[in-house]
Amino acid sequence: MTVQSDVLPKLIELEQIVVGRTSTADTVSKLGSSDVFKELVVWFTNIVIDSPDLMNELASSNNIKAIPIIRRLRACYSQPLKFVFSDFAELSKILVPNASEGITGFKNELLDNCAGKIRLSKVLSDGPFNSYFKNYEQELTNNNPHALYPTSPYRESRGSVTTGSDDQAFEAVMSSHTFTSIRIEENILSLNNTILSDIYRPLERCICLVDENVDKHFGRDIENYFRHSSTHLEKLVYRAMEVDKALNTVEKILGNFKSLGVSRNEPVLIIGGGVLADIGGLACALYHRNTPYIMVGSSIVSAIDAGPSPRTCCDGYGYKNLLGSYHTPILTITDRSFFKTLKIGWLRHGVAETIKMGVVKDEKLFCDLEDVGADLFKSKFGIEQENIKTKDIVEKSNKILAGAMRSYVSAEYENLYETHQCRPHAYGHTWSPGFEIKAGLLHGHAVSIGMGFGAFLSRKRDWIDDETFLRIIKLIESFELSLWHDILLEEPLIWESQERIIEKRGGNLAAPVPKHRIGNCGYINDLAREELKSSISEYHSFCQSLERKGIGVEPLCSDVGLEDPSTVHVPLKSAFAAE
């Protein structure tokens, strides 16, 4: 069974059913007695949503955007008609545009009519197929419960239990399937862009977490967008600096969720940078133990790293990202238009997360970064082109964004719960979590210091040659990022950082570094205290030979107008410590 042969013809027939109607009630009744509609419902509720055949068919026909809609339609049976036809309308625009007008018209009618709240199961059971669907419900209950009463259409779990003959010993295997989508878009808040309104209009409201800085520049656009789509907006604005990345902020968000009665099938919308992505995502992970959310990244870090990342978190006990949960957004949207209001220093440090993927995962991305250089962040990823020397900066910026996203998620999503530590995207993040806050560094500068030192260790072990090592250093320097900070000379702190990361990585150091060539990763697992100390001393001497002595431009949070976490951050104290 394929989309081409089984779905497309029936979508065309479905449009004929819903056009030329006399009333909404008559059309609903007609749907309940339609063989075509019955076959569509059965097809969607039985689809294997992670089927390689389905994925390949839609990808080969350039219809990959239909995949999340088909996932939602798998859960259509118990849903109100307004949700079902919102999905059918969206799907028809992608697969059969010529047949979408009638379906979209009927969707709009359902959204404004009480008939839209009638559940599809009732429509089907009230018609001539009552006996069939009575048996079908039982079949779904026994064999396919996710298609009957899903908590949300974005996650499924499976498991099996084996017991001994006397029921005194049990063994179980459990797995979870999480579904997510990523889109690189332009002007997501344009009134003509329906990506968000298609999701929130049927829900009738949108609970939106907004970074305070984003709200200053885009707050009115957000309000106008949802007003235009007749969707009630609950806009919750939070200050989201590094010093706010703490449990007390997460608790504040949870309190707002409780007062608003957030449902587990209602995706929260988060619009902000890396800090709000982390703490907002963590709040969603904790609330109802799993509340879906959509991430719109307003910074480089949230657009290609913290945004799509499943690792939601907050700082704790003076350590970076110590507390957290694995909770992937159901949709991540990267939109360059948000970058236009960012300070150059914020953009500069955000590029570090792109460089790391080029060094250890994607040689082509590395070469593209070499080609564009600092013009990437000085042009705000192609938004401002005055005094920019690089030709085709918009095209090249989009190419780098796409390459960084592809490299990151291919590494991240293949190891969603960090069940192993062969994680190239952790390059630059081995020692930096222990010194970033105390040094008051911007995250990107802390990471670039870690990248430089990691490349230095790789060169010392003859894993890369001089040419490769110097290319890495030169690229980091060209983006005006840091390679050195004197906090590295605080030997007890750096050793403690290494010990902490070994705890976090399950007893292994597993420090990712470039190996053999650009775009390839290896892992250092043994680094004794004396070797770490002497290597830092040698690395310091190397950095002193560089033009800026390894010091980046505007490396500190205070340099770009943010509060210095080293002076205002209050480490979290446990109840045990208080006692």
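Is Asp362 buried or exposed? In this predicted model, Asp362 counts as buried, at 10% relative accessibility, because that value is under the 20% cut-off.

**Asp362 and its partner**

The side chain of Asp362 meets that of Arg406 in a salt bridge, with N to O at 2.7 Å. Arg406 belongs to helix H19 (residues 393-412), while Asp362 sits in the loop between helix H16 (352-360) and helix H17 (363-372), so the pair ties together parts 44 residues apart in sequence.

**Other salt bridges**

The structure holds 40 salt bridges.

| Pair | N to O distance |
|---|---|
| Arg406 and Asp362 | 2.7 Å |
| Lys235 and Asp215 | 2.7 Å |
| Lys122 and Asp126 | 3.1 Å |
| Lys65 and Glu185 | 3.7 Å |

The bridge between Lys235 and Asp215 ties together parts 20 residues apart in sequence, because Lys235 lies in strand E5 (residues 232-238) and Asp215 in helix H11 (residues 212-228). Lys235 is partly exposed, with a relative accessible area of 25%. In the pair of Lys122 and Asp126, Lys122 is partly exposed at 46% relative accessible area, whereas Asp126 counts as exposed at 56%. Salt bridges with shared partners also join Asp50, Arg74, Glu156 and Arg158 into one network.

**Domains 1 and 2**

The protein is divided into domain 1 (3-148), domain 2 (181-343) and domain 3 (360-560). The centres of domain 1 and domain 2, taken over C-alpha atoms, are 30 Å apart. Twelve residues from domain 1 and eight residues from domain 2 take part in the contact. Between them the two domains bury about 890 Å², with 44% of this area on carbon and sulfur atoms. Lys65, Phe83 and Leu111 supply 41% of the area that domain 1 buries against domain 2, more than any other three residues.

Three salt bridges cross the interface of domain 1 and domain 2, and three residue pairs there are in polar contact. On the side of domain 1 that touches domain 2, the elements giving two or more residues are helix H5 (67-74), helix H6 (81-95) and helix H7 (100-111). H6 gives the most to this side, with four residues. By type, the residues of this side are four nonpolar, one polar and seven charged.

**Arg289**

Arg289 is found in the loop between helix H13 (274-286) and strand E7 (293-297). Arg289 is exposed, with a relative accessible area of 70%. Arg289 and Arg264 are 25 residues apart along the chain, and their C-alpha atoms are separated by 9.0 Å.

Conventions
Residues numbered from 1 in each chain as written. Predicted model: local features only at pLDDT ≥ 70, side-chain atom pairs only at ≥ 80, totals over all residues. Heavy atoms only, no water. Domains from an automatic or database assignment. Contact = heavy atoms within 4.5 Å. Buried area = accessible area lost by both parts, 1.4 Å probe. Salt bridge = Lys/Arg side-chain N within 4 Å of Asp/Glu carboxyl O. Polar contact = N/O pair within 3.5 Å; in protein donor to acceptor, adjacent residues only side chain to side chain. Nonpolar A, V, L, I, M, F, W, Y, C, P; charged D, E, K, R; others polar. Buried < 20%, exposed > 50% of the residue type's maximum accessible area, 1.4 Å probe, protein only.
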